[in-house]
Each structure stands twice: as C-alpha cells, then as structure tokens.
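These are my notebook entries on a single chain, written while I looked up one place after another. I kept each entry to what I could read from the coordinates.

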Amino acid sequence: MTASSTRRTTAARTRLAAVGSLAVAGALLLTACGDQTDSGGSSTSESSSSGAAPLFSKLPADIQKAGVIKVGTNAEYAPMESVEAGKIVGVDPDIAEALSKQLGVKFTFTSGAFDGLITAVNTGRYDIAMSSITDNKQRQEGLDDKGKKLGEGVDFVDYFTAGTAIYVKKGNPKGIKSIEDLCGQTVAVQRGTTYEEALQAQSKTCTGGGKAALKIESFDNDTEAQTRVKSGGAVAGVNDYPVAVDLARKADGGNSFEVVGEQYEAAPFGIVVDKKNTQLRDALKEAVDAIIKDGSYQKVLEKWGAQSGAIKAAAVNGGK
C-alpha cells in the first residue's frame, strides 16, 4: 500500500508502482516522525520447527532466539493485505507463511499507518515491513523527491511486481481513459503513497502543457479515498493495479468502481529491511528464491488472483 513515503510507495500498500515519478521515500520518512498507532488486526504465520527449516541457520541470532519476525503492514489493500474477521489476510501474509516454512520462525503482522512503516523498521519496532511497498532509489537512500537526505534509507528484498491503475465510479461518468484525462479534475489518493507523487508530477505536466492542474485530495487511508470516488466528490482514484482490480470486482458486488486503461510502469514490491540488518535481508532473499523454486509462491498468487505480479527470482534493491 501506496503513500511521500502502496502500493500500496507508502501501498500502498505502494502501496504500488506509480506513473512518471515514483519516488516517494521522502514523505514516508518525513511524515512518519513518530511511532505509528496500531489499527486493524494482527496475524501470525505458522512456522515449521526450526530443526526442519532449511534456512533457519541463516537468520540473525536474535531472531533465531525469539522465533519471530515482527512485520509492519497497512492492512487496507486487498488482495495484498486486509483484515477479515479480525485477522490480517492476503498475498503478503500467505507469502510470509511460505517463507516461515523455509526459515523456521513465525511472521507476526501488525497493522498501522502506511506512511510510518519505513521509520518503524529503522527504529526497530518491526524487523521488516511487508505492505505492497514499492522499491525505489529514494526509499533505498532515504531521500525526498528533491534529493534531500531525510533518513537512513532501507534495503528491499523484491518479491512481486505491479503497476499503478486508475479507478473511477462505475459507468465512468467523466469518460476518463488515461492519466492525461485527469488534468483539471479532482483525484483521491492515500497520503504518502507513490501514487500521490505520481499525481503531483502529472499535475505539473498538465500545467506545463497549458491545461489545468489536478486537484489532489490526499487521505490517511485508502478507504477514505475510495469513498470520495464513490460519492462523486473525486472523478478518480489511483492505486496499485491488483488492488484496483480487486476493488472493482468486489466492492458492492462489482457495482461501485471500474478500472480504466492499462497499468502504468510496473515496479517491484519489496520487503523492507533495515540497512544494518544484512543477515536478515540475505536470509529473506534466499527464502523468497526457495518458495519460487518449490512452487508455493505461485500457489499463493493463484489463490488471490495475483499471478500477474509473479517474479522469477528475488532481488535486493532492484527498484529504480
């Protein structure tokens, strides 16, 4: 989930990839100065016993001792992560479940504000963040969109790929076909995501071409942005492609939204790890490669209809 910090960038999520300028690490780090407040449910993946897990010895000693990897997420991005019956479910928790069988420790998910996830990893509140977070250079280096250093930056273990999609009210009353059609229109987005940055970049493109700027309405969570589009207060919303497709298919039985055009510029989602924790990062990369090889990764994506985001091999800091 995302957010300038996914989806779905903060998926906010990127949460996910964005059109044009996708770099949003700055806001993630700038707006998330304090500790985040938990919301939604928490979820714990089951793990095989450490003795039977092939990659247990690869983990840092403190995590081996604890038997748990603490995961920060923003569970508002179905099918990637959402809360059902008080439990966090989706692609990311199920991938974590598959990883737990390789690593021999549990993954415990806690949901909070998307734009606080990277800071929460840097401060040690969470061991990792897994929330449809787009991997890009600015987040890796802790920079804002102007290249100013705001934080330590983080490493990413890339495990999925997705682009950004535009969704509109069912029937598309304003006839939106692409991001260029949003000039002069009101657009809803979650604050701190890469899509927010993308819309800001598009607004400059609009005015540079003699058209009216976008009116960008940023909300604390994606649900509020969706409500704004549904009510007609905004002509469109922007989200990660798999999230937008799932929203259009499920919201009010498929009667509230539709996705217009194709997804834009796919980029990798990554598991966020503190730069100092290279041992955990490398263990996670090896585990992602293992679940790709044994087929459990593909089964998770098929379960949630997210096969379009499959990768062939994990990467560290593969985002640009």
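I began with G86, which is partly exposed because its relative accessible area is 49%; I count a residue as buried under 20% relative accessible area, exposed over 50% and partly exposed in between, with a 1.4 Å probe and protein chains only. G86 sits in the loop between β4 (81-84) and β5 (87-89), where helices (H or I, at least four residues) and strands (E, at least two) are DSSP runs numbered from the N terminus. From the C-alpha atom of G86 I looked across to that of S43, 43 residues apart along the chain, and found a separation of 8.7 Å.

Before going on I noted that this is a predicted model, in which local features need pLDDT of at least 70 and side-chain atom pairs count only at pLDDT 80 or more, while totals for chains, interfaces and linings use all residues. Residues are numbered from 1 along each chain as its sequence is written, and side-chain values use heavy atoms, with hydrogens and water left out.

The peptide bond from A78 to P79 is cis, with omega near 10 degrees, and P79 belongs to the loop between β3 (76-77) and β4. I then came to S132, which has a positive phi of about 55 degrees although it is not a glycine, and which I located in the loop between β7 (128-129) and α5 (137-141). S132 counts as buried because its relative accessibility is 0%. Its side chain makes a polar contact with the side chain of E81 at 2.8 Å; for such a contact I require a pair of N or O atoms within 3.5 Å, and within protein one must be able to donate a hydrogen and the other to accept it, residues adjacent in sequence counting only if both atoms are side-chain atoms. I placed N172 in the loop between β8 and β9, and with a relative accessible area of 16% it is buried.

What does the largest nonpolar core contain, and which residues touch the most other members? I take a nonpolar core to be a set of buried Ala, Val, Leu, Ile, Met, Phe, Trp, Tyr and Cys residues joined through side-chain atoms within 4.5 Å. The largest has 62 residues, of which I69, I95, L103, F107, I166, L182 and I271 touch the most other members. Helix α9 (residues 278-294) supplies the largest share of this core, seven residues.

In strand β8 I looked up Y159, which is buried with a relative accessible area of 0%. The C-alpha atoms of Y159 and V288 are separated by 6.8 Å, though the two residues are 129 apart along the chain.

For charged pairs I counted 15 salt bridges, each being a side-chain nitrogen of Lys or Arg within 4 Å of a carboxyl oxygen of Asp or Glu. E152 forms one with K276, the closest N and O atoms being 3.2 Å apart. E152 lies in the loop between α5 and β8 (154-169) and K276 in the loop between β12 (257-274) and α9, so this pair ties together parts that are 124 residues apart in sequence. E152 is partly exposed at 46% relative accessible area, whereas K276 is exposed at 62%.

A second pair, D155 and R281, meets in a salt bridge of 3.0 Å, N to O. D155 lies in strand β8 and R281 in helix α9, so the pair ties together parts that are 126 residues apart in sequence. D155 is buried at 4%, and R281 is buried at 16%. I also noted that D155, K275, R281 and D282 are linked in a network of salt bridges.

Last, I examined helix α3 (residues 91-103) and helix α10 (residues 296-303), whose axes come within 10 Å and cross at roughly 160 degrees; axes are lines fitted to C-alpha atoms, for helices over the stretch in contact, and angles run from 0 to 180 degrees between N-to-C directions. That makes α3 roughly antiparallel to α10, since angles over 145 degrees count as roughly antiparallel, under 35 as roughly parallel, 65 to 115 as roughly perpendicular and the rest as oblique.
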